[in-house]
Each structure stands twice: as structure tokens, then as C-alpha cells.
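Subject: A structure for you to look at

Hello,

Here is the structure I promised to pass on. Please open it first, and then read my notes below with it beside you.

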Amino acid sequence: MIYATAKRWGSLLTALFLLPIFFLGCLATDPGDVAMGKQATSNAVVTKTRAAKQIDPIVLKNRTFGEAPMLAEKVKRGELPPVSERLPENPLIVVPVDTIGQYGGTIRRALTGDIIQTAGVSKTLGEDLMGFSRPLPDSIEFNLAENYEYQDDGKTAIFKLRKGIKWSDGHPYTVDDILFWYYDMTLNDDARNSVLAPSVWFVGKDPIQMEKVDDHTLKVKSQAPLGRILHALSGGSSAQPKHIFSQWHPKYNPQSTYQAFRDSSTDAQQIMKPGIPRLSAWVPVEWIRGQRIVYERNPYYHKIDTAGNQLPYADRITFTIIQDPQVILLKFINAEIDLFGRYSKVSMFPTLKSEEKKDRFKLRITGPDRGPSFYINWDTPKTNVREAFRNLQVRIALSHAINREEINQIVYHSLLDPAGYSFNPSNPYYTEESYRKYSTYDPEKSKAILDKAGYRDTDGDSWRELKDGSRFEFNIDVTPGEGVDVSELVSEHWRAIGIKANLNISLRDIIWPRRLNGEFDIHQWGQEGPADPLGRLNDWAIMAPTVPFWHRNASEDGPEWLHEATRLIKQTLITVDQEKVKEQMSLVRDLHTDNVPVITVGSSYSVWGAGTRLGNVPFQGTGADVYRGWSRPVFHEQIYIKQPISPTLQ
Amino acid sequence: MVNYILRRLLNMIPTLILISMVSFAVIQAPPGDMLTSRLAELAEQGELGSESAMAQIEALRERYGLNDPIYEQYYRWISKIVFEGDFGESFTYEMGVIELLGERLGLTLMLTLSTLVFTWIIAIPIGIYSATRQYSIGDYGFTFLGFIGLATPNFLLALVIMFIQVTVFETASVGGLLSPEYIGSDWSWAKLMDLLAHIWVPILVIGTGSTAGVIRIMRGNLLDILGQQHIQTGRAKGLKESTVIVKYGVRIAINPLVSRLGLELPSLLSGAVVTGIVLGLPTAGPIFLTALTSQDMFLAGAFLLLSATFLLMGNLLADILLAWLDPRIRYE
């Protein structure tokens, strides 16, 4: 009975099963043939703007600034002082990317978490004494400070703050706030949330000294020339409102404890908790844990556009918490989110490209930036493999054996720039020659090099042997993601020259401790710091006994060139003369590139997108290393909403 | 009966102690700990900076007492729970565990309870229909649909539904439980409507997975019962067919399902993990996954312990309920 029924319905059911498979083909079209205009971000590229490039001096003199309607109303009601009193004496003038914008509306963004993703917000909203030029980080400009000068051979630097900058509650911003942040928070072991003080403030063992000259003049002093002081003061937020935080600090309020202070000054509290005054363009007004953070404009923000309007244009910026990046992609396509860049992956490119036709957003390609790399462990527990890894010829051979163009086409949809282990185009000391060194695909050359170096296949099993007779075999540690695809292809390429590479694919939580303990053979990861090695010292130099992680014993056992590179880097940290810095960093570059300790596949472009309802979004936002990611160079404060909508959240 | 309940409650205690030890060991088992996890996450985001990772980890280990022997850490954890009711603080969320769960409890319970009700309301009538019209087209059809719902991974179904909503229906707000304008606002009729417009997706996705099981169990049990003699007697007495089926058949067939209810209790709290992540639901499930992947000791431990407690309580409640429903069952 059942058999009869099955016969009757079986064929129908089979057809029903197969039908959906035909439909799948209709879903996403593959834009793989779309010609990629690779806009290499050279330093000379400047966007054409329709706005005035200079501000009319009369506006500055008479202080006839424009302000947002929602603030103008508050001024009328007497809740806020007029805009000419809210702005500092010498506001920072911003030239908008495209045109002078309109006030109003909400910028909508997404995060995959709130407390665990504070960086997503701090990169967008951070304001420091200095800032990197946007969108291309080739110079450092003034931000909260309006002037600086070096004295005493670079061992002292004097910073002048803009007079008249106020916190978002109207309280004046002075050097006292900087000193509070520096001495009472960052250098105070009990008050600090991270256990170690950031090494950027130390020269050797001694901390850099900061002194107050007057309310608006800060003196920074050190034993050695302050080579990186500008960088140090342009990334984060080097001031906290003393008038608020001191109430929890035991030094100022003996009834409080350090534990209470630490709890109230965590990153998340500093960035997301409403009620604490800030200097950023927007300040938080609502935080529903795990769901959304809403920021509203800061009436005392210190920037204006070239027509004299106080920034930001948008009234609000919201961050919705969505745990799955695929869903963030979906919401971006659905125009529920305006900017999508922090979580965009190369694998999302086909979907984004095909949905772009609906004209609800425009894609931008930025980079090239950090790309996939294979970190060779010079201290791998396998001593026979270690001997081979330490041989320069082996590394050169491994590098030439990789078919980078194939990886580019298959995994990266043409968004990879094949290259070697060197400084990439966003680095001021980049050269094309060193960038491409050892990156040509030449498996015959690799085989010849390996034969000559003594790693031959002696038993005819198509695998080469190491010097002790065992097979030339090792493991590649890799975490799920694009790295797996790249590693599979590379392992095939290496098989073609007779080297056996096995993949060890595990969760990050298992791979990472192996990396830290030096238990791996090869660790696949994104290349750290090709645009700014000085920001990633631990991967390029022997800064401490167990560093770099790919050569833990380098301090005792490391090759001479690495020690030399370390000497040069340490020298650069205390050099102020830019010519000297260039010389030294070029030497560092050549030492690393010529000795190829890490095998890099290339630099990858990133894809990011902005909704068409936004105006003034730059096309060349970079994800450069100095920004530690994507959102800072998009500079949100001059983005405006093209159709101004009512202040209720949309 | 009361003796029975007391004995069961007493038996729960050694079970719970054992479970707490196993949970603690399981969380500690993978290499690394919440600190390496946190640092790996920072590194992935490019946030690691130039500080030596190892030095930071060591220093933090000291501060959090992670270098102490495991039984000491376990004793610290368990004594805080038992004597102070303090489940500790989550490292990843920087909040007390109870506070964190409490915030999400309301929506979680609402979602899981409605899913449970939905599943039962759909599955039981279908099960009854399948049993009474055995081997008909309807029977096969419903079984087929049920199995498709069971076989399709929930997260995939959720993504597909959301994708269709976006590309075909162009819904304004997909995922989550509320549209942006209603998050954090007071409850109103409009907010309730908005909630209903969103909640059908998770209920459908999670529900379709469980209906297949309930349908088959119901069908199987009822078929068994319908073959028995008291059904024939009922028909012979001249009762309506529906009364015979429901009052004489279903009432007995439903007992195993009631036992199953007890097993559903823990998933009320921590169920729908991956679906919750995909749909962006502000419920407790997604936190569970984050806690486990980042080896957040207190949060994950609390979850495991609570789930285990709920399971034991659920079983006890199911047994009591069964005793009340089925006169043939009596406990000593």
C-alpha cells in the first residue's frame, strides 16, 4: 500500500524538490565582469567641491554664524547662549566634500554590539588635539589645538588650544581637563581600567611629562625628542571633563573609591552613557542596552563650514545594535541604514553590486589596505621545519609560488592588489618596487630555488624533504572567513612545488592562544601595519622579549637585520626631523621586504556604501591603518541628509 | 503526593551540584579564556595597538584571579551564588549577570511562550486530523510540510524570509521585534500592532521546526488509542464522533505531550539562539552564544546553571501535571 502510494507521489515529490534549485539561479547575478576602476588613493587626489574653499573674512569678523533650527529655537527660549558665544574664538573651518549642506535629519548606522564595539563609535566621534587630514591621512592637522611648536631639539612641544571651546554642557574646555585625563586617569595605575599604561606615552621607562602653562597652553616634555607626539595626540580623546569625573575620583572626592571610578569611566561609559559632557559632534541622549544608542547634536561643537554654519548638519546619529553582519547588509540594502563600512566584507561585493542598481545607495571602493598574509613562525616547535623557515631562499620560493592573480579572481572579485610584504600605497614611504618584490608568480623559479637550497624530493613521493630527511610539511592556522579560501588556494600552489601545507581551521578563540604562545607553524592573518608600522610596533620590531609573535625568541636569537630594523625604528620614535624619519623608515622597509619574514598575498580593497539620501559623503574614504578602520575619514559632521525630514527618528 | 514532591526536590540538589561542576569545567575547557578572547576580538577589529598582548593578558589574569587553581575559582563562583545570590558580572557586557538577563526576560518569555502556544495550536489539530484521516492526501501533505520545516535550518529560513521581505515586498523594517520609532517608547496600540507585524517571522521560523515533532507524536499516540476498545464502546453508545475522538482519544493521547512540556522549559530562556542572532531579537538567546564564544565565565556559567535548574523544575512540574491529568498515574 505504501509502495503504491510512493510510486504515485514519488515522482511528483522529486520534481518538487528539484524545482527550488532552478530558482536559486535567478537570485543574484554575478557582477564579476564589471570592470573595476581601481582608484589607487594617491596623495595627490583631491575631490572637487562646489562649496567655497575659504570662508568670507567678514563672517569671521562679525561672527555671523549660522546654526541649526533646533538650536535657534532653544536660543530664543533662553536655554542656550547665541551661536557666536558658543563657538570658540577661532573655530575650525571645514571645507565640505561637495556642497554646503542643510540642517536636519538623522544619520543611521549599525553596530554588532554596544559595549563590545565601542570602537565603532569612538572612531566616528573622537576629537583630539590634532587630527589626521581627511579623507586621505597624509598629514596631521589641527583640531582642538590651533598651533604647536617644537622647542629644545624636539624634546619639548608647546600646544595652543583654541580659546573658547566648551564642553557640551557649556563648561569651558581647558588644559586642566587634559592634565586630569593624563595624570589622574591614564598614568594612575588604580584609576585606569586597562591594567597597563599605553606605551605610547613612555619614552623608555619614563612617562612623558605634561605641564600647564596657562588655561590654553600645554607643554609636553620628555627626555628624548618627541617623534610620535603628534600621532599620539591625534587618535583618541586626550581630555575628559574634569568637572564631572572628579566627583568619583578619590583624589578629589575622598569618599569615593577607585573601583567606583573605574566602573564609571569604562570605555562604554565614556562613549555611550548619556549625561556626560563631550566635545564630539553629537552627544548620547538615549542608550537602550543591546538595542540602540541615539546621539543628538552638541550645541558647542567647535567646527563650522566655509559659509559659517556651525556643524554638524545632521540633528542626530543613531547606532542600532544588530548582531549578525549579514543582517546589517540586508538592512543597508533595504535603506534602513545609511552607512555600511565597518562590517562590509569582500564576499558581500556581488550582492551589493547587484542591489546598487535600485539606486538606494552607492558603493565605494577604498584602499588598498591590509591584505591576507602568512606569518611564518621562526620559532616553531618543529625544529626541522624551523630550520627551513629561517632560510631566506625558502621564503622567497614560497612567495614566488603563490598565484596571487588567481586568488584575486576567485576569492576577492578583483579587489586584491597582488603585492609582497612591504609598505602599501597609503604609507608615505612606499615605493612600487619594494611593494611588488617577490610577488611575481613563478613556480619554476621556486622549484629551482628550493632544489638549489637543498630541499629536494629524494624518495619520489612528489613531496620535498627537509634537511633531516622528513617530509617538508607544516600546518597553517587559520580562522573562518576569507582566510580559509585564500589558505586553501595557497596550499594548492605550494603543493605544486612539492611542499605539503595542512590547514588547521579553528575558531579564533583556539587559534589566537596558539599565536600568542608561539605554538603555530604558519599563522594566517591580515597584515598588520603596512600603512603605519610605527602604530604596530610589535609586528615589525623587537620591542619586548616575546615580540614579534612570529619570532618570540628574536631578542636572543633573531637575525641581524631584524635587530637593525628595531634599532632604526626605536630611533625614529624619537626623531622629529621628517627627512631623517623618511631615511630611516625607508631602510626599515627594505630590511623587511628583502628578508620577507612574512609572506603577503597582497593588499585588499574594501567595499563600503552610503545611502543616496546622504550628501557630502566622500568617495575616497580610506580604511587606512592610522584610522584603525573605516569610519573616521568619512567625516560624519559634514554629511547632510538630502531630504530634510522632521526631527522624529526615521 | 507531597512526600513524592519533597523527595524529588531533595534529589535535585546533588544533581545541581554535579551540573554546576560540569558547567564550570566545560566553560574552562577550551584553550584560552575570556581575556584572550577579548584580545583576539580587538585584534580582529584592528584595535590592538602597540601594547604587548601577552603582558596585558598576564596583568589582567592577576586582577581577575584567573591564575588560581580551578577548584578555588569554582568555589569562589559557587559560594557567591549560593550565599549572596550574586551571579557575578559579565566581562563582555560589563554588567551584572542578573541585571543583564532581567532586562531581556520580558521579551524572551513573551517570544518563547507565544512560539510554544503557536506550535501547539497548529500541531495538535493537524495531528488529530492526520490520525483520523490516516494516509489521506491531507495527512501526507501536512507531514511533508512539517518535515520541510524541521529539515530547513532555522537561521537559513529566517534569512530567506527577510531577504524576500526586502526584495519582493520592500517592507520598511525587517528583523528585530519593533520598528526604530517604537523602540524605547511607551506601550500603545500602535506599538502592539508593530510588534505583531514583526513577531510573526520569529514565531514562524522557530515554530515550523517544532511542529513536525508534535504532529508526529500526536498522530502516533492517537492512532494507538483509536485502535483500543473503549473507543469502539463510545461509538457504540451513540456519542458524536467528535466527542469520541476528543474526550476519549485525545485526552489520553495528549499525556506524553505534557511530559514533553517539561523539557521545553529551559528553552524558554535560552532557546532560539542562532535565529535570535539572525533576526536581531533583543532576547536572551543571542547573549548565550556570545557568552560561550567569548568564554565569559560568569555569564555562560549562569546560563548553564539556570538552564539546568529549569530543566529539573520543568520535569518535576510536568510529572505533577501528568499526575493531575491522568487518573491512572499516582505517585507514592
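In this predicted model, the contact (heavy atoms within 4.5 Å) takes 57 residues from chain B and 55 residues from chain A. Together the two chains bury about 5,000 Å², 57% of it on carbon and sulfur atoms; buried area is the accessible area (1.4 Å probe) that two parts lose on being put together, summed over both.

What holds for charged pairs here? Between chain B and chain A the count is zero salt bridges, a salt bridge being a side-chain nitrogen of Lys or Arg within 4 Å of a carboxyl oxygen of Asp or Glu. The rule does find five residue pairs in polar contact across this interface, both residues at pLDDT 80 or more. A polar contact is a pair of N or O atoms within 3.5 Å; within protein, one must be able to donate a hydrogen and the other to accept it, and residues adjacent in sequence count only if both atoms are side-chain atoms.

The side of chain B that touches chain A divides into 28 nonpolar, 19 polar and 10 charged residues. Ala, Val, Leu, Ile, Met, Phe, Trp, Tyr, Cys and Pro count as nonpolar, Asp, Glu, Lys and Arg as charged, and the others, Gly among them, as polar.

Now to the salt bridges over all chains, which come to 41. One of them joins A:Lys303 and A:Glu637, with the closest N and O atoms 2.9 Å apart. A:Lys303 lies in strand E13 (residues 303-305) of chain A and A:Glu637 in the loop between strand E24 (614-615) and strand E25 (640-641) of chain A, so the pair ties together parts that are 334 residues apart in sequence. Helices (H or I, at least four residues) and strands (E, at least two) are DSSP runs, numbered from the N terminus.

Most residues other than glycine have a negative phi, and most peptide bonds are trans. The peptide bond from A:Leu311 to A:Pro312 is cis, with omega near 0 degrees, and A:Pro312 sits in the loop between E13 and strand E14 (316-321) of chain A. A:Ser462 has a positive phi, near 70 degrees, and is found in the loop between helix H17 (443-453) and strand E19 (473-478) of chain A. For B:Tyr135, phi is positive as well, near 65 degrees; B:Tyr135 lies in the loop between H5 and H6 of chain B.

A note on conventions: residues are numbered from 1 along each chain as its sequence is written, and chains are lettered from A and ligands numbered from 1 in the order in which they are written. Local features need pLDDT of at least 70, side-chain atom pairs count only at pLDDT 80 or more, totals for chains, interfaces and linings use all residues, and side-chain values use heavy atoms, with hydrogens and water left out.

Best wishes
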